[in-house]
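Welcome! Please take a first look at the sequence and the structure below, and then read on for a short tour.

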Amino acid sequence: MRNVHLIDHPLVQHKLTLMRRKDASTNSFRRLLNELSTLMAYEVTRDVPMQEIEIETPLETTTGKVIDGKKLVFVSILRAGTGILDGMLSVVPGARVGHIGLYRDPKTLTAVEYYFKMPGDMHERDVVVVDPMLATGNSAAAAVERLKELNPKSIKFVCLLTCPEGIRTMQDAHPDVPIYTAAIDRQLNDHGYILPGLGDAGDRIFGTK
Ligand code: URA
């Protein structure tokens, strides 16, 4: 699949398998998601622009490369995106954060926006949108649509799990946006849940079920 990056590192796959288990506690689900997000951050930031700066080691002056973390914006799709945010920020602590509140209309499964807050100067920033589940793809596509109005330099999408339907929706709407995922599962069920999946990511992160 073009523009889909499957993160198949053994550590990522191992943690994902532990998270899928229905008897994983809220505590361990959240901790594993945090660790996994850190690992996914390595992949998604692999090609971020770097600049060379001069530094003093204890022995002499030299140059080294750094990223400008402030130019990165992690955009969390509420509420489950929050579960990925902490892990990403632990690797890029200078990154800015935006939030998009979208809920799925349970009947139509379409995305309805209720919150949108981004840092300024978005046209100077590289955006990484995070949401654990790319299921129908409707929320993700709507979020990216809104973000494109602000003309950022680039947009990437990171999820934990997706399925062929979600990838198709995203790629039909936004073929320019790369998708980073730890797994592509079999299919969606009639309620818009990914199979085999891991259930409702928000409920499992926050212990609301
Ligand atoms: N959202 C979830 O939390 N889980 C799914 O399987 C699909 C959408």
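A polar contact here is a pair of N or O atoms within 3.5 Å. This is a predicted model, in which local features need pLDDT of at least 70, side-chain atom pairs count only at pLDDT 80 or more, and totals for chains, interfaces and linings use all residues. Residues are numbered from 1 along each chain as its sequence is written, and side-chain values use heavy atoms, with hydrogens and water left out.

**The ligand**

| Residue (backbone atom) | Ligand atom | Distance |
|---|---|---|
| Ile-194 | oxygen | 2.8 Å |
| Gly-199 | nitrogen | 2.8 Å |
| Ala-201 | oxygen | 2.7 Å |

On its own the ligand exposes 230 Å², and the protein buries 90% of that (Shrake-Rupley method, 1.4 Å probe). Around the ligand (a heavy atom within 4 Å) are Arg-104, Met-133, Ala-135, Gly-192, Tyr-193, Ile-194, Gly-199, Asp-200 and Ala-201. This shell divides into 5 nonpolar, 2 polar and 2 charged residues, with Gly counted as polar.

**The sheet**

Now to the strands (DSSP runs of E, at least two residues, numbered from the N terminus). An open sheet is formed by 3 strands in the order S8-S10-S12, with parallel pairing (two strands pair if DSSP finds at least two bridges between them). Strand S8 (133-134) and strand S12 (183-184) stand at the edges with a single partner strand each, so one side of each has no neighbour in the sheet. S10 (residues 161-162) pairs with S12 in the parallel sense over 2 bridges; Thr-162 has Ile-184 of S12 as its bridge partner.

How values were computed:
Polar contact = N/O pair within 3.5 Å; in protein donor to acceptor, adjacent residues only side chain to side chain. Helix = DSSP H or I, 4+ residues; strand = E, 2+ residues; numbered from the N terminus.
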